[in-house]
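I set aside this notebook page for charged side-chain pairs, and I began by looking at the model itself.

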Amino acid sequence: MIISLIGYMGCGKSHISKLLSDKLNLKLIDLDKEIITRQNMPIAEIFAKKGEIFFRKQERAILGEVLNTETDCILSVGGGTPAYYDNISLINEKSTSIYLRTSVKTLTERLLKQKQKRPLIANVPDEQLPEFIGQHLFERQQFYNQAKHTVITDHKTPEEICREIAQIF
């Protein structure tokens with residue numbers, strides 16, 4: 001069984017996937033970390049030096065590799081992963097997808113603290129961040145909504161979210 005966590009950056013995919021991996025005793029694969037390891041550079045640097053198209057091609061190739069070779073794991077994918085190529089179809093075909101749905105308000109609060117680590121928002125002025133997130137979320141919502149399950153994360157602890165996901169299985 002592969003459980004894929006999807007959702008916008010800042011929704012908690014990385015943190016929740018770690019907790020879920022421990023709780024369900026499943027291997028954890030973080031797609032962004034796999035890309036970083038293979039390219040031997042941070043994502044922000046990949047975007048700056050090689051561009052987003054290069055990044056998205058790497059992301060797609062590694063996603064396909066993981067979904068076609070792993071049998072039991074928690075897979076945490078980047079916020080944009082479901083919106084490119086046929087990634088959401090592949091994720092749904094080969095795994096159980098869970099959308100960690102988080103409000104623009106919560107995402108803004110979290111992402112304001114992490115802007116410099118996030119290439120897509122690093123240069124967005126703080127006061128424009130809620131609008132940027134809202135627009136981006138609107139564009140990606142059609143992909144996120146294709147997940148097999150949705151877990152609303154607002155006002156819940158990571159442990160509560162993990163329990164809710166574990167109850168699905």
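Predicted model: local features only at pLDDT ≥ 70, side-chain atom pairs only at ≥ 80, totals over all residues.

Entry on helix H2. I found that the side chain of Glu 34 meets that of Arg 38 in a salt bridge, with an N to O distance of 3.5 Å. Both residues belong to helix H2 (residues 31-39), where they sit four residues apart, about one turn of the helix. For Arg 38 I noted a relative accessible area of 41%, and this residue is therefore also partly exposed.

Entry on helix H3. Here I looked up Glu 59 and Arg 56, whose side chains form a salt bridge at 3.0 Å, N to O. The two are three residues apart in helix H3 (residues 43-69), which means a separation of about one helical turn. I wrote down Glu 59 as buried, because its relative accessible area is 0%, and Arg 56 as buried too, with a value of 5%; the cut-off for buried is under 20%.

Entry on Lys 156. I found this residue in a salt bridge with Glu 164, where the closest N and O atoms are 2.7 Å apart. Lys 156 counts as partly exposed at 28% relative accessibility, and Glu 164 is likewise partly exposed, at 28%. I then checked for shared partners, and salt bridges of that kind join Glu 34, Arg 38 and Glu 65 into one network.

Last entry. My search of the whole structure returned 10 salt bridges.

Technical notes. Residues numbered from 1 in each chain as written. Heavy atoms only, no water. Salt bridge = Lys/Arg side-chain N within 4 Å of Asp/Glu carboxyl O. Buried < 20%, exposed > 50% of the residue type's maximum accessible area, 1.4 Å probe, protein only.
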